[in-house]
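Subject: Structure handover

Hello,

Please find the structure below. My notes on what was found in it follow.

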Amino acid sequence: MDNSSNFDEVSDPGYQPSPSSLDRNDQSAVETPGYSTMSGDSFMFGRTYSETSAFSDPIDDNSYSSEPSPSHLSVTKSGAQHQAILGRLEMKRQKQVADDKLDDQESARLELELMKERFSKLLLGEDMSGSGKGVCTAVTISNSVTNLYATVFGQSLRLEPLKPEKKLMWKREMDCLLSICDYIVEFIPKTQILRDGTALEVMESRPRSDIYINLPALRKLDAMLMEVLDSFQDAEFWYAEQGSMSSNSTRSGSFRRVITQRKEEKWWVPVPCVPSNGLSEESRKHLRHKRDCAYQIHKASMAINSSILAEMEIPDTYIASLPKSGRASLGDTIYRNMYTADKFSPGNLLDCLNLASEHEALELADRVEASMYTWRRKACLSHSKSSWNMVKDLMSDNDRTDKNHILAERAETLLFCLKQRYPELSQTSLDTCKIQYNQDVGQAILESYSRVLEGLAFNIVAWIEDVLCEDKLVRSQEQ
């Protein structure tokens with residue numbers, strides 16, 4: 001009878017060994033310690049019956065002894081093998097747990113060091129010399145938000161979900177920066193009713209009005225943008241690097257040729273590719289829906305950013321740099337169109353100017369904005385020399401007939417139309433100056449947060465337009 005049958009007889013539930021046989025087995029196990037030591041051959045046919053192990057050693061049928069042996073020797077040798085294998089597995093598991101703990105401790109240590117570094121830079125105002133010549137806290141936080149956005153989204157040029165580690169970094173560090181707003185509060189009156197019915201007015205703290213209104217909205221817009229990116233997990237389109245065929249050559253589809261000026265200027269942008277017969281109607285509808293969502297998010301973020309910038313104080317350095325004459329800043333052509341026209345039309349004026357690039361549009365916006373504040377300053381100076389009856393109401397009929405006031409209003413209208421026509425327009429010189437010299441921490445957080453969300457939403461809209469444009473091109477070629 002082979003060893004396997006002996007083992008089955010011992011492990012049979014119906015088999016009840018006598019006390020004498022158990023004593024003999026125990027005694028023999030003690031008297032023959034040599035059998036408990038495994039040799040290289042005996043290790044080859046040992047099998048692990050433990051449920052805690054997922055490993056099994058191979059069995060060699062030739063290694064079984066042809067001579068009959070007592071069952072207790074087989075059981076003893078097998079038990080020793082089991083104990084040795086389990087011991088090695090347990091040591092391996094403990095080593096793995098220890099390595100994992102060391103990795104976690106190292107990761108936590110590196111993260112703590114990174115947080116210490118950034119917190120130190122925040123307190124030092126980015127002045128590593130410690131001499132106190134750094135920028136103010138508001139500018140430091142604004143730069144931190146901008147740098148974080150560049151770190152997380154700087155290399156994102158495709159319609160695809162954000163990598164988990166970058167998404168975690170964005171959420172963790174933005175929560176840390178935005179937590180400052182929890183301590184920017186204002187006091188408002190509140191009526192408290194005592195037990196005896198007496199009404200007592202007390203002061204209650206709550207987040208400052210601009211933070212209370214805008215910060216929850218920005219958090220919601222942030223979450224919506226992440227949802228838009230996550231919705232492109234399994235997309236029908238893919239990307240190839242500019243100037244080469246698709247990295248996945250097994251997929252048959254189109255390789256887009258650069259046909260727009262935007263893509264000629266941004267040659268580094270990956271090229272979207274679609275199947276040879278174009279996208280499905282469902283995918284096309286999904287892209288259009290997400291494009292509309294991202295466009296609405298862009299408009300909302302831009303509106304919040306514009307309102308925050310409008311509330312910031314104009315630095316004295318910008319006022320000192322204003323030109324003495326608005327006409328000299330704009331030029332005779334634009335000035336005559338703004339002043340002599342009975343009914344001013346900013347759209348027609350922009351059509352006549354025929355701006356060729358975004359750089360020209362930004363330069364015009366700077367000149368129009370400088371002229372607007374120049375005329376407003378002159379209007380205020382003229383009011384200061386007048387009687388109190390003319391100063392008490394800035395929107396009176398006398399003000400509307402003032403030349404400087406009319407020109408300032410028309411310049412503001414022209415600037416608004418210019419920003420609408422070029423939504424991707426960079427910040428003007430005044431906006432940059434406000435951010436640079438701003439000292440309000442709450443405004444710095446809201447402005448930088450809305451600005452980076454506005455940029456991300458605009459990029460998503462552009463990426464979706466690229467895919468839809470490629471799909472339209474492929475379908476037109478098929479027809």
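Strand 1 (residues 185-193) and strand 2 (residues 199-207) pair in the antiparallel sense, over nine bridges. Two strands count as paired if DSSP finds at least two bridges between them. Helices (H or I, at least four residues) and strands (E, at least two) are DSSP runs, numbered from the N terminus. Ile 193 faces Ala 199 of strand 2 across the pairing. The two strands form a hairpin with five residues between them, and Gly 197 in that turn has a positive phi of about 90 degrees.

Before the rest, two notes on the source. The model is predicted, so local features need pLDDT of at least 70 and side-chain atom pairs count only at pLDDT 80 or more, while totals for chains, interfaces and linings use all residues. Residues are numbered from 1 along each chain as its sequence is written, and side-chain values use heavy atoms, with hydrogens and water left out.

The chain as a whole:
- The chain has 19 helices and four strands.
- Of its 479 residues, 33% are buried. Buried means under 20% relative accessible area, exposed means over 50%, and partly exposed is in between (1.4 Å probe, protein chains only).
- Contact means heavy atoms within 4.5 Å. Among contacts between residues at least 6 apart in sequence, 72% join residues at least 24 apart.

Next, a pair of helices. The axes of helix 13 (residues 346-353) and helix 17 (residues 403-421) come within 9 Å and cross at roughly 65 degrees. Axes are lines fitted to C-alpha atoms, for helices over the stretch in contact, and angles run from 0 to 180 degrees between N-to-C directions. On the side of helix 13 the contact is made by Pro 346, Gly 347, Leu 349, Leu 350 and Asp 351, and on the side of helix 17 by Thr 413, Leu 414, Cys 417, Leu 418 and Arg 421. These residues divide into six nonpolar, two polar and two charged. Ala, Val, Leu, Ile, Met, Phe, Trp, Tyr, Cys and Pro count as nonpolar, Asp, Glu, Lys and Arg as charged, and the others, Gly among them, as polar.

Helix 17 also holds Arg 410. Is Arg 410 buried or exposed? Arg 410 counts as buried because its relative accessible area is 15%. Leaving aside neighbours within four places in sequence, Arg 410 is in contact with Met 338, Tyr 339, Ala 341, Asp 342 and Phe 344.

Asn 354 sits in the loop between helix 13 and helix 14 (358-384). Asn 354 is not a glycine, yet has a positive phi of about 55 degrees. Most residues other than glycine have a negative phi. With a relative accessible area of 61%, Asn 354 is exposed.

Helix 9 (residues 281-311) contains Ala 303, and Tyr 295 is found in helix 9 too. Ala 303 is partly exposed because its relative accessibility is 46%; Tyr 295, at 43%, is partly exposed as well. Ala 303 is 151 residues from Glu 454 in sequence, but 9.4 Å from it in space, C-alpha to C-alpha. For Tyr 295 and Glu 454, 159 residues apart along the chain, the C-alpha separation is 9.5 Å.

Last, the cysteines. The structure holds zero disulfides, a disulfide being a pair of cysteine sulfur atoms within 2.5 Å. Cys 136 is partly exposed, at 28% relative accessible area, whereas Cys 273 is buried, at 1%.

Regards
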